[in-house]
Amino acid sequence: MTTRRALALSLMACTSAQAQMQCEPPLHDCPPTELPQPRPDPADKFPLIDDGKLKIDLRSVSDSQSVDKGIKRHAWTLNMQASYESGYTSGPVGFGVDIAPFVATRIDGSDNAGNMAHVRPDGHSADDRAWAYLGKYAVKARVGDTVVKYGLQRVSNPVLESKDNRGLPPTFRGATITSVITPSLNVEAGDFDAAIGRGRSTLKGLSTEYGGTPFKRIAYAGANWDYSETGSLSVYANQASDVWNQSYASVTQSVGNLATVQWTGAANAYLTHNQGASLQGPIDSKAYSLSLSAAHGPLTIMAAYQQVLSDQFFDDVNDAWGIALVNAVAAADYNAPHEQSAQLRVVVDGASLGVPGLKLISWVMTGWGTDGRNGAGQHASPSDPQYTLYWVDGRPAGGNHHEIGAFPTYTLQEGRFKGTKIGFFGCAYKVSKRYPDSGIHEYKFQLDMPIQVF
């Protein structure tokens, strides 16, 4: 037996008992969804093992956040994901498994670090120095260019994306199907009922991010089509059970080239309505964003506009980035009732300056026009879970907010540590008196080191 086969079999055996425990029903709060891999060579005697891949991702995160007139918290953690993806058995239907133990150690941190470090099942900060759990696992089957998975997975699409901005990413329990129809067209669908959130190590039920409403499951289906070398189209639909039905569409088109000017336009739109028992109340929401960027050589400048047409906050799933609108990228989502927002973003690509691997993103955003009067009337009781969203100092939510930030990164291009990425995130966010949020200053240093074992 080869060393690779022995290591893979040992890893699967050691984690099978943990996987069984994680599959118990829930107690009740950027890698993309895997597309099918090339079919194994029929000459391989043991493609299940011989086509397997083992990758170790090491991450160091030092994060500090200061809330205006409120808390200050910080944490420094070292994190590891050991991801093993098997090949597939031979035959018309191939079977395989994916397993990824997650391990984290807190080097330093405040008592209120929250999901910057470790969170107990009740949601409060834990003082653990180290924690480990099975972060991902799945059984999978492949027929042609279609893959079906069930287990604890990372997902990435415009309605449900693992919010990977802490030491370890959240993962969601459920089933997915992905299929490559043509080289330019792929489709996917999924159904999830629980998650291990950021900073947690145990399963919990799903809930909405802003409304805090628990719900049983979320299901989605979508397609992505590159209709030309410079244009793409995506359409998705999703349902959060007894909360909302939602549809999404986006289009991106580029013209020109970097030698002169390359123009890129993008549009994203969501349409959301309450569904079933309407656990989060009435929802009749339209939200969209438009952006236009100009790129020449190393410099890209983008201007963007976003608007929410609703009496409710545009909501998504907790621990997910389910708002693929252009301004929902940093300190705030700019998703308040009737809010409008604008962004100016500058991107510098070091490759064109002779420094490949260097990239700088900087931005300034502002939001205005929030009008929570109608929503405040629907949530007028202080005992209502959404009361503080729609009422600020005894008045309906309103006002404006602004942010400025920078995100420089450098990725090593060669040598023993090729692929290692170093990044710094800094953001200052300010809100007016009537806006239902708190201003913050956040600074984060992050080091990511991928190691491909085989």
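The protein chain holds 4 helices and 22 strands, where helices (H or I, at least four residues) and strands (E, at least two) are DSSP runs numbered from the N terminus. This is a predicted model, in which local features need pLDDT of at least 70, side-chain atom pairs count only at pLDDT 80 or more, and totals for chains, interfaces and linings use all residues. Residues are numbered from 1 along each chain as its sequence is written, and side-chain values use heavy atoms, leaving out hydrogens and water.

**Overall size**
- Along the principal axes, the C-alpha atoms of the protein chain fill a box of roughly 70 × 55 × 45 Å.

**Surface and burial**
- Of the 454 residues, 45% count as buried, meaning under 20% relative accessible area (1.4 Å probe, protein chains only).
- The protein chain exposes about 21000 Å², and carbon and sulfur atoms supply 61% of this area, computed by the Shrake-Rupley method with a 1.4 Å probe.

**Nonpolar cores**
- A nonpolar core is a set of buried Ala, Val, Leu, Ile, Met, Phe, Trp, Tyr and Cys residues joined through side-chain atoms within 4.5 Å.
- The largest one has 25 residues, of which L160, F172, F192, F215, I218, Y220 and V317 touch the most other members.
- At least two residues of this core come from each of β7 (185-196), β10 (218-228), β11 (231-240) and β12 (244-256).
- Another core lies apart from it, with 17 residues, including F102, A104, W131 and L168.

Note on methods
Buried < 20%, exposed > 50% of the residue type's maximum accessible area, 1.4 Å probe, protein only.
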